[in-house]
Amino acid sequence: MTGLRVTDPDILDEQHFFTTKILGFLLHPNIPATSPTLKIADIGTGTGVWLLDIAKSLPSTSQLTGFDLTPSTFPPPETWPPNVSFKTQDMFLPFPASEIGTYDVVAVRFVSSAATRAEWSRAIENLVKLLKPGGWLQWIDSCNFALYNSVAGTSRAACQEIYDGLEPFRSSKDDVVIGLMMREPGNVRRGDVFRELGLVDVHEDVFSTDRLQDPELRLRDKGTRNVLACFLGCLEELVGVEGSGWSKERIQRVKEEAMREVDNGVYHTLDQVCIVGRKAT
């Protein structure tokens, strides 16, 4: 599963702000959060912003653990609340035995750019092992990027060049079901993957980023710059790769041109997907 490694803390925190605004929740309303000893795992925690945010609404007797591949963006340990901790872990590899079957909720956010059905299923199968019987998996990701003009006669060529340049990350994959770089060819039936792995009460919500209508906060403008920064970070991985056509100079050129296009009103939309399912008792 192609990972989307965004390491800029400001971008990660801004992404959390946008997503929460779009979805209208941190934890899906189908998931009960009334237990005073609720235990939550946050996969792909990054700066821990989601975990720290939801901790504010939960009793201090709850337990919250953030997992990520690297601790580089974890907040300083001295700032962790007593019931919050952070650990390094690859979501594809076995978790320590002490973690298995102990969580009420496993939440996953923005960990893939283009996941095939097989890759996604393998990740879910491993994460479901963390859940207690009756525990819930919540997976939030993006797909279906599109560009639009808000002013007639303006260019969006550089923004499109950035998105088109991501083709090497998705062209070799068949049956992609979720991720920031993919476009759905039709109904990809993500819920079936959850059900095939034994999850019940499966539900999927899809919200468009154009749900954000707050000109004063410039959410659409900021969100477009945020996602383009993510894409440019991916393109940097292609610099020096034979036949890629990408160099540092080209990336700098399209970055400057794309930002001017956004200045002139070009904006993006994405579908934000939230799918939840409960482990059978």
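**Exercise 1. Is L12 buried, partly exposed or exposed, and what is its relative accessibility?**

This is a predicted model, in which local features need pLDDT of at least 70 and side-chain atom pairs count only at pLDDT 80 or more, whereas totals for chains, interfaces and linings use all residues. Residues are numbered from 1 along each chain as its sequence is written, and side-chain values use heavy atoms, with hydrogens and water left out.

Step 1: recall the classes, in which buried means under 20% relative accessible area, exposed means over 50%, and partly exposed lies in between, for a 1.4 Å probe and protein chains only. Step 2: L12 has a relative accessibility of 13%, and therefore counts as buried. Step 4: look across the sequence, where L12 and G46 are 34 residues apart, although their C-alpha atoms are 7.1 Å apart in space.

**Exercise 2. Describe how helix 1 and helix 7 cross, and list the residues that make the contact.**

Step 1: the axes of helix 1 (residues 9–23) and helix 7 (residues 219–236) come within 10 Å and cross at roughly 135 degrees; axes are lines fitted to C-alpha atoms, for helices over the stretch in contact, and angles run from 0 to 180 degrees between N-to-C directions. Step 2: helix 1 and helix 7 are therefore oblique to each other, given that angles under 35 degrees count as roughly parallel, over 145 as roughly antiparallel, 65 to 115 as roughly perpendicular and the rest as oblique. Step 3: from helix 1 the contact takes I11, E14, Q15, F17 and F18, and from helix 7 it takes L219, K222, G223, N226, A229 and C230, with contact meaning heavy atoms within 4.5 Å.

**Exercise 3. Characterise the aromatic pairs F67–F95 and W120–W139.**

Step 1: a search of the whole structure finds 11 aromatic pairs, where rings of Phe, Tyr and Trp (its six-membered ring) pair if their centres lie within 6.5 Å, and planes under 30 degrees apart count as stacked, over 60 as edge-to-face and the rest as tilted. Step 2: F67 and F95 form an edge-to-face pair, at 5.3 Å centre to centre and with 85 degrees between the planes. This pair links distant parts of the chain, 28 residues apart, with F67 in strand 3 (residues 63–68) and F95 in the loop between strand 4 (84–88) and strand 5 (103–109). Step 3: F67 counts as buried at 2% relative accessibility, and F95 is buried at 7%.

Step 2: W120 and W139 are also edge-to-face, at 5.6 Å centre to centre and with 85 degrees between the planes. Because W120 lies in helix 3 (residues 117–128) and W139 in strand 7 (residues 131–148), the pair ties together parts that are 19 residues apart in sequence. W120 is buried, with a relative accessible area of 0%, and W139 is buried, likewise at 0%.

Technical notes. Helix = DSSP H or I, 4+ residues; strand = E, 2+ residues; numbered from the N terminus.
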